Structure formats: structure tokens, C-alpha cells
Amino acid sequence: MIILTSRMSVRTESIEAFIRIAEVVIKETRKEAGCLEYELFQDPLHPEKFMFYEIYADSEAQQFHSRQPYLEEFRRLREPMLQYSPVLKIYNATLQKLS
């Protein structure tokens, strides 16, 4: 399994618009065969801060996701809404392999 987190901070005036465009990418991504989980979290104390939490069956599924047109469109639309570049982390689920 591949676990991915992406943290981003959105301009305050863009929070609602960001959530609207995120809904589209979430809905479409959850349909992908290799997507096991795809969630968006919003910090309750700092509502401009968001984190995507994603789990894919394997690296091929994650790579497939990264090439989808709806993700490219989301990236394009979110760019002017962001306060700074997203912080992306990718993890291999090592303990899953050991059990």
C-alpha cells in the first residue's frame, strides 16, 4: 500500500471555492480501482488549513491517480487559492508487508 498526505493552506477568501473544487476530485478519485481511501480534512482551529489523506493499493494505482485529468484540473484551479505550495509526503505501508 501507498499512503500519501498533502497539506495545504488556502487563502481565507478562497476556502469555500476550494472545498467545491475538492469535492469533484474526491468523488472521481474514489471511483478509481486502486484507491482504497481518499479523504480531505480541515483544521477546526485554522480553517484555511487542509490535508488530503490518500491510500492506494500500490504505486501503480497512485501513479494512475496522478495522471488523471480531473486531478490536473484541480491543481490548476487551486493554484491561485493557495498561500504556499502544498507539502506532499508519500509513505510505503511497511508493516502491512510484515504481517
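I began with terms: helices (H or I, at least four residues) and strands (E, at least two) are DSSP runs, numbered from the N terminus. Two strands pair if DSSP finds at least two bridges between them. I kept in mind that this is a predicted model, where local features need pLDDT of at least 70, side-chain atom pairs count only at pLDDT 80 or more, and totals for chains, interfaces and linings use all residues. Residues are numbered from 1 along each chain as its sequence is written, and side-chain values use heavy atoms, with hydrogens and water left out.

**Entry 1: the sheet.** I looked up Gln42 and found its bridge partner in E3, Phe50. E2 and E3 run antiparallel and are joined by 7 bridges. I then traced the open sheet of 4 strands, with antiparallel pairing and the order E2-E3-E1-E4. Strand E2 (35–42) and E4 are at the edges with a single partner strand each, so one side of each has no neighbour in the sheet.

**Entry 2: the pocket.** A pocket is an open set of points on a 1 Å grid over the protein atoms alone, where a 1.4 Å probe fits, with protein on both sides within 12 Å along at least five of seven lines; lining residues have an atom within 4 Å of a point. Which residues lie nearest the centre of the largest pocket? I noted Leu4, Ser6, Glu54, Arg75 and Leu88, out of 16 lining residues. H3 gives the largest share of that lining, 4 residues. Strand E1 (2–9) and helix H2 (59–66) are among the elements that each supply at least two.
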